[in-house]
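Please examine the sequence and the model before reading the solutions.

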Amino acid sequence: MKDEHLSLFLMLGQTSQKAVSKLPDTVPPQTLMLSLTEDLALVLPNEVRRAVAASETFKFFFVFENFVRDFVLGALSQLDPVNWWDRVPKDVQDEVQKLEETEYQKQWMALDSRSKLALTTLPQLLRIIDDNKNWNDAFKATIRDKFLIHEGRSISHLRNTICHMSEISDEETDRVKQVMRDWFRVVSP
């Protein structure tokens, strides 16, 4: 076989493989093992493919939200190592208290004990930062511009979309990455 025919043959094969892999009932290359022997990708290929796509964006939110949580804890703890939680706005404290009650009711689940701050969401963390007293005393010197808070809020809906088992577009994933880059330029991890 001539080189140009071989190249064309390989290119057509790769193109066909890509086209077939996008069909809803084609088993994706990733596995999702329900047990040692049961792969959900074999029985629910489309759902597993969607889960794999959504998991990339979820990982970004997992990292970003935990980074912001650690940042908030560090800043508030510097102001008051013992009673830092008192600086959290009352509405956020009330929401977290409700979650703590739910956690207590679910003791039968194999969950590690979680701190109050571990129960906060990205929007609540941004609310803590944006609180006037906290902003002036703990965050303004580092962040300098509340536009970062605005950017964080702009992706909160995307966070909720991903965490409620829906996909978002590549464009919106790019937005999440851009917000993270902006935050990390100012508040280095």
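A pocket is defined on a 1 Å grid over the protein atoms alone, as an open set of points where a 1.4 Å probe fits, with protein on both sides within 12 Å along at least five of seven lines; its lining residues have an atom within 4 Å of a point. The model is predicted, so that local features need pLDDT of at least 70 and side-chain atom pairs count only at pLDDT 80 or more, whereas totals for chains, interfaces and linings use all residues. Residues are numbered from 1 along each chain as its sequence is written, and side-chain values use heavy atoms, with hydrogens and water left out.

**Exercise 1.** Determine which residues line the second largest pocket.

Solution. Step one: the lining consists of E47, R50, A51, A54, S55, F58, I162, C163, M165, S166 and E167. Step two: the elements that each contribute two or more residues are α3 and α8 (helices are DSSP runs of H or I with at least four residues, numbered from the N terminus). With 6 residues, α3 gives the most. Step three: by class, the lining holds 6 nonpolar, 2 polar and 3 charged residues (Ala, Val, Leu, Ile, Met, Phe, Trp, Tyr, Cys and Pro count as nonpolar, Asp, Glu, Lys and Arg as charged, and the others, Gly among them, as polar). Step four: the volume of this second largest pocket is about 240 Å³ (the space filled by probe spheres set on the points, which are joined across faces, edges and corners).

**Exercise 2.** Describe the lining of the largest pocket.

Solution. Step one: the largest pocket has a volume of about 330 Å³. Step two: 16 residues line the largest pocket, and E65, R69, R114, A118 and R159 lie nearest its centre. Step three: two or more lining residues come from each of α3 (45-79), α4 (90-105) and α8 (156-163). The most come from α3, which supplies 6 residues. Step four: the classes are 7 nonpolar, 4 polar and 5 charged residues.

**Exercise 3.** State how α5 packs on α7 and on α6.

Solution. Step one: α5 (residues 122-130) and α7 (residues 147-154) pack at about 165°, with axes 10 Å apart. The two helices are therefore roughly antiparallel. Step two: L122, L126, R127, I129 and D130 in α5 meet I149, G152 and R153 in α7. This contact comprises 4 nonpolar, 1 polar and 3 charged residues. Step three: the axes of α5 and α6 (residues 132-143) come within 6 Å and cross at roughly 95°. Hence α5 and α6 are roughly perpendicular to each other. Step four: I128, I129 and D130 of α5 make the contact with N132, N134, W135, F139 and I143 of α6. These residues divide into 5 nonpolar, 2 polar and 1 charged.

Methods: Axes fitted to C-alpha atoms, helices over the stretch in contact; angles between N-to-C directions. Parallel < 35°, antiparallel > 145°, perpendicular 65-115°, else oblique. Contact = heavy atoms within 4.5 Å.
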